[in-house]
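Reader: I'd like to go through this model and ask what stands behind the words used for it. Shall we look at it together?

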Amino acid sequence: MSLSLRFAAGSHKGMIREGNEDSGYAGPRLLAVADGMGGAAAGEVASSEVLSTIVELDEDLPGADLRDTLRLAVDRANDRLRVMIEDDPGLEGMGTTLTALLWTGNGLGLVHVGDSRAYLLRDGMLEQITQDHTWVQRLVDEGRITEEEAGHHPQRSLLMRALDGRGQVEPDLAVREARAGDRYLVCSDGLSGVVSRETMQDTLLALVDPRDAVQELIQLALRGGGPDNITCIVADIVDVDQTPSDIPMVVGAVADDFAGDTATLPTTPASRARELTAGEYENEALVPDAAAPNRRRPKPAWRRTLPFWGPAVVLLAALGGAYWWTQTQYYVAKDGDHVAIYRGIDTEIFGISLSSPYKQYTAVTMPLIGAEYRDSLAERYDASSLSDARKYAEKLERQAGVCRQVIDWNRDHPPTVSPEVPQNPAPTQAPVTGLPGGDNVSTSPTTGVQAAPMRTPTPTASGRPGSDGVSRSTARPTAEPGRTAGSGQRPGANQSPSQGAPNAPAPTTTPPPPASTAPTPQIDLGPDQELISKCDEQPIGPR
């Protein structure tokens with residue numbers, strides 16, 4: 001089956017911009033959209049010059065390698081911009097995106113630089129087949145922001161790649177298989193940034209004619225506010241018997257360049273296309289501005305000062321983007337005597353700190369988290385995300401709670417110690433009276449031995465006087481209590497208490513009370529039990 005293209009193109013300056021810096025070209029073999037940038041720095045010049053250069057590809061290229069062909073065309077276009085800037089320094093700062101499809105009959109070659117887009121509608125599903133070369137898209141690819149956040153990001157228009165005449169350009173190149181029934185959409189961000197992919201998909205499915213689809217898509221962007229220039233191309237892959245398109249269409253800024261006397265312009269497919277169409281499609285698709293100029297607007301004089309203030313603007317934009325990135329970073333560190341999550345990076349520029357406390361954890365004080373975690377916060381804990389920072393701070397919060405319970409346990413269970421008792425207390429001996437000359441003996445409180453009281457013998461009537469004139473008894477006195485009969489000895493004189501009192505109880509000693517046993521401290525913390533070991537203070541309890 002022999003396949004071909006049926007296409008339509010349209011462009012509008014939008015509701016806010018004063019002029020149209022977009023350029024579009026649709027031909028039998030080439031579909032291309034360029035979105036100029038630079039405002040007064042001639043964004044419309046860059047887009048129209050790039051398309052005027054690569055439009056030479058809209059010729060029969062049998063056997064050509066699509067990737068090499070497109071790469072060489074991009075290099076030529078970028079060199080063209082370099083020469084123009086060297087000739088006119090007032091053009092410094094201009095640039096453009098480029099998204100183009102080159103048809104060979106059995107496939108499509110794709111080249112892409114910037115944030116214009118190409119979509120493929122196949123089997124009822126619309127798929128974006130290019131990737132934006134923007135700062136915001138890089139953040140999305142790295143998972144720092146979502147697709148929804150990217151649509152409202154203040155830096156969403158900051159390009160990472162563009163054709164600007166400076167250095168080499170690395171375009172994205174690909175070759176795609178051609179299938180009958182496929183529909184391609186190539187557009188600037190004036191459409192894709194305003195109209196959702198779902199709405200574009202519904203429109204492309206509902207409208208069969210590419211002209212109707214283009215007109216409806218542009219009207220949708222205008223109803224969405226039209227904040228930027230809007231350019232789009234819709235192309236269907238059809239059989240050659242289904243009336244393919246054969247007349248090229250040029251729209252946007254490049255169409256203004258070809259207005260007027262085309263005899264002075266190079267004879268290129270673009271110039272021939274402009275002569276053939278003569279604005280026919282633009283008049284059909286959209287009502288053009290009555291005040292729109294037919295020729296390129298003169299350059300404002302102040303634009304020539306761009307080399308002086310342009311780099312400052314670029315630097316400020318870069319600094320703004322860098323600062324915004326720092327505010328997506330988080331770390332955990334101490335803030336005084338407690339822990340906090342910080343937003344930003346831990347550094348200063350010109351005395352200005354790039355971080356600030358995001359959330360305070362006043363209950364998590366440094367003495368409560370243990371030496372191990374204090375060491376980790378000696379510098380900071382760099383988190384991979386806000387969620388990671390919260391998880392780490394919550395871990396410290398659990399650790400602080402465990403250590404606080406240990407401190408409360410020790411306060412409520414102070415250690416107790418039993419008084420010490422001597423193992424062998426010395427017996428206490430009561431004083432003994434009446435010795436050695438008398439018989440008065442006191443009782444020992446420790447041995448229980450009682451000494452007999454001293455007695456005075458009484459003489460009998462038959463006693464005879466002694467030498468001292470005192471009558472004495474000749475009878476043997478009866479043994480007195482406390483003495484041993486016939487011994488004449490007194491306990492305590494030459495005998496031990498045990499010998500002098502055989503029937504007395506043996507001395508006794510009081511054993512010391514048993515030492516108290518300290519109960520093992522028990523703090524049941526469930527799954528957090530193992531965190532006790534990380535606390536500086538350990539459970540003590542009574543002992």
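Reader: Let's start with a loop: where does Asp-123 lie?

Author: Asp-123 lies in the loop between S7 and strand S8 (125-128). Strands here are DSSP runs of E with at least two residues, and helices are runs of H or I with at least four, both numbered from the N terminus. The model is predicted, so local features need pLDDT of at least 70 and side-chain atom pairs pLDDT 80 or more, while totals for chains, interfaces and linings use all residues. Residues are numbered from 1 along each chain as its sequence is written, and side-chain values use heavy atoms, leaving out hydrogens and water.

Reader: What makes Asp-123 count as exposed?

Author: Its relative accessibility is 72%. Exposed means over 50% relative accessible area, buried under 20%, and partly exposed in between (1.4 Å probe, protein chains only), so Asp-123 counts as exposed. Asp-123 also has a positive phi of about 55°, although it is not a glycine.

Reader: How do you know that Thr-243 counts as exposed?

Author: Thr-243 has 61% relative accessibility, so it counts as exposed. Thr-243 is in the loop between S11 and strand S12 (249-252), and its phi is positive at about 55° although it is not a glycine.

Reader: And why is Asp-528 called partly exposed?

Author: Its relative accessible area is 23%, so Asp-528 is partly exposed. Asp-528 sits in the segment after helix H14 (497-500). Leaving aside residues up to four places away in sequence, Asp-528 touches Arg-398 and Val-402, where contact means heavy atoms within 4.5 Å.

Reader: Why do S7 and S10 count as a pair?

Author: Two strands pair if DSSP finds at least two bridges between them. Strand S7 (residues 117-122) and S10 have 5 bridges, in the antiparallel sense, so they pair. Leu-121 stands opposite Arg-183 in S10. S10 also pairs with strand S11 (residues 230-239), again antiparallel and over 5 bridges, and there Val-186 faces Ile-233.

Reader: What makes strand S10 mostly covered?

Author: In strand S10 (residues 183-187), 5 of its 5 residues are buried. Arg-183, Leu-185 and Cys-187 lie on one side, with Tyr-184 and Val-186 on the other.

Reader: How do you know that the span of helix H2 is close to the expected one?

Author: The expected span is 1.5 Å times one less than the number of residues. Helix H2 (residues 66-87) has 22 residues, for which 32 Å is expected, and its first and last C-alpha atoms are 32 Å apart.

Reader: What puts the buried residues on the same side of H2?

Author: The buried residues include Leu-66, Leu-70, Ala-73, Ala-77 and Leu-81. Helix H1 (43-54) and strand S5 (98-103) are among the elements covering the buried residues.

Reader: What makes the approach of Asp-65 to Arg-67 a polar contact?

Author: A polar contact is a pair of N or O atoms within 3.5 Å; within protein, one must be able to donate a hydrogen and the other to accept it, and residues adjacent in sequence count only if both atoms are side-chain atoms. At the start of H2, a side-chain oxygen of Asp-65 comes within 3.2 Å of the backbone nitrogen of Arg-67, so the pair qualifies.
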